[in-house]
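Take a walk through the model below.

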Amino acid sequence: MTRTVRIDRERLWGTLMELKEIGAYDDEATGLRGVRRLALTNADAEARRRCVEWMTEAGLEVRVDRIGNVYATRPGRDRSLPCVLMGSHIDTVATGGAFDGTLGVLGGIEVMRTLNDAGIETLRDIEVGFFTEEEGVRFGTDMLGSAVTAGRIPLDHAHKLTDSDGKTVEGELVRIGFDGDAHELRPIPYAYLECHIEQGPILADAGVDVGIVEGVQSISWQRITVAGEAAHAGTTPIGSRHDAGLVAAAVVVELRRMCDSGDFGQLRATVGNFDIGEGQTNVIPHQATITVDLRNPDDELMTAAEQHLGEYVETLARAQGVQTTWERMAKTAVVPFDAGIQNVLASTADNLHLPYVRAMSGAGHDAQEIAAPCPTAMIFVAGESGGISHTPREYSTPDACGNGTDVLANAVLRLADRT
Ligand code: GLV
Ligand code: MN
Ligand code: MN
């Protein structure tokens with residue numbers, strides 16, 4: 001018979017509120033307190049150490065791998081069987097909130113405490129982990145730690161990635177003391193479950209706290225650098241300019257037109273970096289660098305969008321007499337999650353009398369990488385204010401977090417007792 005457990009909502013909430021103080025900053029735009037905990041910074045290191053303390057206090061065996069991913073194990077009766085793994089990330093974007101990633105990690109630790117309190121033994125080991133540089137904000141590649149673990153990105157390549165100051169992933173891992181010795185290609189789990197805030201409006205619109213995630217859409221990140229020519233703003237005829245800023249701005253507008261056109265399905269495009277160097281009022285910009293973030297739930301339409309963008313930029317660059325260089329930062333295809341694990345989540349939610357909807361994820365997650373080596377699915381938790389995220393306005397309620405983590409706990413329990 002399957003046992004039912006309930007996590008301690010106040011205890012979970014207490015850890016979420018405590019962790020958000022690490023890397024906290026005053027956000028001028030919103031007047032709120034946000035979280036800035038970029039991967040492998042001192043704030044990330046402090047948050048990592050706090051999570052390791054919580055893991056150790058829960059009696060877990062902690063190990064760190066060579067890309068800085070941290071795993072903590074609760075032994076099962078048969079240690080030869082593959083474990084059930086829970087996890088997510090604790091790094092944030094520069095304008096982050098308290099829930100993105102941390103809910104899955106602190107929720108996973110809370111599951112361990114709950115099983116301890118109930119004196120429950122499981123057949124399989126259960127692990128909870130957090131992956132390095134999920135956000136990709138500091139070193140330019142998202143889902144980095146999980147992609148290395150899944151074997152998609154070689155360790156050596158990941159170690160050599162640099163931040164904007166030229167600091168390497170490897171050097172920063174060593175500096176903060178999280179250059180572990182466990183092999184990054186970890187033993188393949190029996191299943192991976194990630195609980196995460198939705199970061200969008202679907203659950204709130206449906207009036208439910210819980211979502212079962214069907215998969216993650218395709219993500220394409222590129223950096224485009226435009227090289228034009230500096231010249232006098234007052235004297236250079238319009239037709240003789242090689243204006244790098246103009247080309248970069250035109251790309252932003254074209255991307256929006258592409259989204260609005262419907263020609264590329266449900267394409268979403270964002271230029272989140274727009275840099276035209278020194279910025280002098282009376283000088284035509286000679287260089288511009290932008291990043292392009294494309295998302296699409298359809299791989300073919302994603303390819304079509306990338307091709308169109310390439311052709312558009314080439315034509316524009318020729319017309320304006322500028323050179324462009326492209327750097328591929330990240331690219332992942334649509335990842336469908338395991339139907340069997342989704343069904344375990346669905347029947348677990350039913351048993352807990354928690355209504356849910358099924359939805360694709362708009363955001364990227366470590367689960368999309370771990371889905372390659374093992375059966376994987378995700379639980380979404382509704383956020384407030386349309387699920388707004390990557391801003392200090394990100395918020396979810398203690399009850400929504402508790403409900404999602406109850407689903408996580410009971411689904412893990414079922415899977416960990418499977419022969
Ligand atoms: C992860 O936060 C993403 O960019 O989707
Ligand atoms: Mn996240
Ligand atoms: Mn995020």
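**From the surface to the metal site**

Isoleucine 238 sits in the loop that links strand E9 (218–227) and helix H8 (244–261). The model is a predicted one. Isoleucine 238 is exposed: its relative accessible area is 67%, and the cut-off for exposed is over 50%. Now pair isoleucine 238 with glycine 404. In sequence, 166 residues separate the two. In space, their C-alpha atoms are 58 Å apart.

Look at each face. Ile126, Val128 and Phe130 lie on one side, Glu127 and Gly129 on the other, and all are buried.

Which strands pair with E6? Strand E4 (residues 70–74) is one of them, running antiparallel to E6 over five bridges. There, tyrosine 71 stands opposite glycine 129 of E6. Strand E5 pairs with E6 as well, in parallel, and five bridges join them. Glycine 87 has glycine 129 in E6 as its bridge partner.

Now the metals. Which residues coordinate the manganese ion (ligand 2)? His89 and His196 each give NE2, and Asp100 gives OD, at 2.0 to 2.2 Å. Along the chain, the donors follow the spacing H-x10-D-x95-H. Histidine 89 belongs to the loop between strand E5 (84–88) and helix H3 (102–117), while histidine 196 belongs to strand E7 (residues 191–197), so the pair ties together parts that are 107 residues apart in sequence. Histidine 89 and histidine 196 are both buried.

Last, ligand 1. Glu134, Glu135, Arg295, Ala363, Gly364 and His390 are the residues around it. By class, this shell has three charged, two polar and one nonpolar residues. Oxygen atoms of ligand 1 take part in several polar approaches. Glutamate 135 places a polar side-chain atom 3.0 Å from one oxygen atom of ligand 1. For arginine 295, a polar side-chain atom lies 2.7 Å from an oxygen atom of the ligand. Glycine 364 uses its backbone instead: an N or O atom lies 2.6 Å from an oxygen atom of ligand 1. How much of ligand 1 does the protein bury? Taken alone, ligand 1 exposes 200 Å², and the protein buries 95% of that.

Definitions and conventions. Residues are numbered from 1 along each chain as its sequence is written. Chains are lettered from A and ligands numbered from 1 in the order in which they are written. This is a predicted model: local features need pLDDT of at least 70, side-chain atom pairs count only at pLDDT 80 or more; totals for chains, interfaces and linings use all residues. Side-chain values use heavy atoms; hydrogens and water are left out. Donors are N, O and S atoms within 2.8 Å of the metal (3.2 Å for Na, K and Ca); water is not among the atoms, so sites may look incomplete. Helices (H or I, at least four residues) and strands (E, at least two) are DSSP runs, numbered from the N terminus. Buried means under 20% relative accessible area, exposed over 50%, partly exposed in between (1.4 Å probe, protein chains only). A residue is near a molecule or strand if one of its heavy atoms lies within 4 Å of it. A polar contact is a pair of N or O atoms within 3.5 Å; within protein, one must be able to donate a hydrogen and the other to accept it, and residues adjacent in sequence count only if both atoms are side-chain atoms. Accessible areas come from the Shrake-Rupley method with a 1.4 Å probe; for residues, only the protein chains shown count as cover. Ala, Val, Leu, Ile, Met, Phe, Trp, Tyr, Cys and Pro count as nonpolar, Asp, Glu, Lys and Arg as charged, and the others, Gly among them, as polar. Two strands pair if DSSP finds at least two bridges between them.
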